[in-house]
Amino acid sequence: MNRWRDLYCGELRPNDVGRTATVAGWVARRRDHGGLIFIDLRDHTGIVQLVVNPERAPAAAEAAHAIRSEFVVRAVGEVVARAPEAVNSNIATGEVEIQVDQLELVARSEPLPFQLDDDNVEEPLRLRYRYLDLRRDRMQRNLRLSHTVVAAIRRSMEEQAFIDIWTPTMTLGTPEGARDFLVPVRLQPGTFFALAQSPQLFKQTFMIGGLDRYYQIATCWRDEDLRADRQFEFRQLDLELAFPRRDDVMDVLERVVVASFEAVGRTPPERPFPRLSYAEAMLRYGSDKPDTRFGLEIQDATEVTRGSEFGVFKSAERVRFLVAPKVFSRAELQRLEEFAKEWGAKGLAYLVVEESGEVRSPIAKFLSEDELAAFAAPPGSTILFAADTQAMVERVLGVLRSELGRQLGLIDEAQDDLLWVIDFPLFLRDEDTGQWTFVHHPFTSPLDGHEDLIESDPGGALSQHYDLIWNGWELGSGSIRVHRQEVQERVFRAMGMTDEEAHAKFGWFLEALQMGAPPHGGFALGIERFVALFAGEANIREIIAFPKTASGSDPLTGSPAPTTQERLSELGIRLANPEVEIGR
Ligand code: ASP
């Protein structure tokens with residue numbers, strides 16, 4: 001390599017014995033054995049043990065005394081085999097060590113704010129000193145894994161004849177269901193760019209522009225509350241193709257997923273991935289991103305309870321239940337009820353079927369033979385009911401199912417379930433405004449034959465939107481798009497937009513749709529979420545080099561930060577509360 005090093009720390013093996021090696025890296029540990037000094041030297045490939053013997057190398061021993069954790073050093077010495085009892089099988093280089101002849105102190109380190117081998121460091125401290133955190137195995141592994149996955153994605157996309165085209169960051173608002181970040185414009189005070197929530201309209205425009213197959217690892221910006229799987233900025237594999245059928249888009253993604261699994265050495269799922277309609281997913285799993293690695297499926301009992309003497313069942317829009325393979329105690333049932341109430345349930349009716357077959361429940365006396373027969377469950381189980389509106393029943397039983405899957409250890413962590421959820425509704429009612437609003441985004445095409453429902457029965461119209469799910473996580477969404485201007489205008493109208501509003505917001509695009517727009521469709525896959533699942537990390541912050549904290553700041557650089565009065569004036573901005581917000 002060069003004067004700093006001629007091989008990496010983690011590379012030394014018994015067949016290097018006898019050679020002279022030059023290595024450089026960080027001091028992970030230094031042990032002074034009153035004479036011999038042992039140094040664990042680390043770089044990105046691993047650790048090698050240096051032995052400094054004052055008799056062999058007095059100057060090196062002198063230097064070694066001053067060395068502390070995380071100093072950067074360079075060492076030259078002879079590779080020797082360790083005595084059998086000194087072999088360290090925990091590290092790849094454990095059969096050898098370097099007898100040091102020269103030791104050069106390259107850079108010192110201040111005492112550290114936390115020890116690198118301490119796994120309980122609070123996140124704000126990790127992020128404040130991210131460069132130290134990055135030296136640790138976990139971040140090294142995650143960022144390298146992320147690279148491996150992104151490289152595999154790119155290879156697969158190139159093989160599938162997609163071309164990588166850049167789209168602007170600063171644009172007009174794109175309706176992806178979040179708030180836009182706004183960028184004030186000095187040259188036109190009072191106007192703002194929005195940071196793209198996704199390249200949605202640009203990629204559709206590529207199809208109108210005849211580019212046929214576009215992809216990009218695109219950064220997206222969304223101003224929303226941050227959670228374990230949300231950041232202000234994140235990346236998507238964004239793609240679009242012309243003249244596709246829904247199956248073609250799915251096939252592209254399945255190839256990308258399989259290539260990624262192969263690249264990280266994990267057994268890939270079989271293609272084609274199973275498909276589940278939205279209606280079936282909501283009925284059986286109470287979720288549009290079901291974890292199908294365990295059963296515990298929801299069953300419907302609306303019909304059989306119509307004449308029930310149990311008033312709650314009789315009057316509810318929907319009655320559904322699931323059967324848990326456990327006899328729950330009263331205290332456990334109370335906890336489950338509290339959990340259900342947190343999600344909006346009014347209560348949680350239950351039937352416990354003891355091991356003896358005896359049924360224990362305050363509601364049993366109200367239930368008819370037919371009802372009890374319909375709820376038949378094996379001895380040693382508990383039937384849990386939700387009776388409410390359909391949306392509430394789905395929500396409550398869906399979260400209850402996931403919770404019980406975890407609590408009862410029903411999930412086979414070694415299994416990988418990838419599946420498509422298809423046939424989503426085109427519109428849902430916005431709970432706050434009562435308006436019809438899009439489920440995916442307003443550019444999603446209705447299912448063939450459902451165009452007329454846009455006006456006559458918006459709630460009944462299904463769309464060509466599809467989601468890709470992995471073990472209960474949504475990896476991404478896509479759709480076949482509306483490519484006829486007239487249909488696009490009708491969708492906007494159904495959402496309560498006047499033609500003037502639609503033209504003010506999307507006029508340029510509606511115009512483009514009138515000039516030879518081919519049928520097209522695409523998808524976006526969340527890179528960080530995808531990699532987090534490979535890494536077994538619950539939080540996407542572990543996959544991002546410099547993430548924002550839950551409150552939306554970066555402790556390393558201290559951003560976001562106030563600006564000066566001068567900058568604000570240039571931008572034509574006056575703060576509502578200047579004392580607090582300037583020069584904090
Ligand atoms: N732009 C969409 C999203 O970010 C994906 C797509 O429809 O291609 O979810």
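**Exercise 1.** Work out what span helix α4 (residues 137-159) should have at 1.5 Å a residue, and compare it with the distance between its end C-alpha atoms.

*Solution.* The model is predicted.
- Step 1. Count: α4 has 23 residues.
- Step 2. The expected span is 1.5 Å times one less than the number of residues. For α4 this gives 33 Å.
- Step 3. The end C-alpha atoms of α4 are 33 Å apart, so the two values agree.
- Step 4. Look past the end of the helix. Ala161 follows α4 and has a positive phi, near 70 degrees.

**Exercise 2.** Find which residues of α4 are buried, and what covers them.

*Solution.* 
- Step 1. Buried means under 20% relative accessible area. Among the buried residues of α4 are Met139, Leu145, Val149, Ile153 and Met157.
- Step 2. Their cover includes the helices α2 (123-128), α3 (130-133), α6 (246-263) and α15 (527-535). It also includes the strands β10 (213-221) and β11 (233-242).

**Exercise 3.** Decide how helices α5 and α14 lie: roughly parallel or roughly antiparallel?

*Solution.* 
- Step 1. Two packed helices are described by the angle and the distance between their axes.
- Step 2. α5 (residues 200-208) and α14 (residues 499-512) pack at about 20 degrees, and their axes are 10 Å apart.
- Step 3. Angles under 35 degrees count as roughly parallel. α5 and α14 are therefore roughly parallel to each other.
- Step 4. Name the contacts. Leu201, Gln204, Thr205 and Ile208 of α5 meet Phe506, Trp508, Phe509 and Ala512 of α14.
- Step 5. Sort this contact by class: six residues are nonpolar, two are polar and none is charged.

Notes
Residues are numbered from 1 along each chain as its sequence is written. This is a predicted model: local features need pLDDT of at least 70, side-chain atom pairs count only at pLDDT 80 or more; totals for chains, interfaces and linings use all residues. Side-chain values use heavy atoms; hydrogens and water are left out. Axes are lines fitted to C-alpha atoms, for helices over the stretch in contact, and angles run from 0 to 180 degrees between N-to-C directions. Helices (H or I, at least four residues) and strands (E, at least two) are DSSP runs, numbered from the N terminus. Angles under 35 degrees count as roughly parallel, over 145 as roughly antiparallel, 65 to 115 as roughly perpendicular and the rest as oblique. Contact means heavy atoms within 4.5 Å. Ala, Val, Leu, Ile, Met, Phe, Trp, Tyr, Cys and Pro count as nonpolar, Asp, Glu, Lys and Arg as charged, and the others, Gly among them, as polar. Buried means under 20% relative accessible area, exposed over 50%, partly exposed in between (1.4 Å probe, protein chains only).
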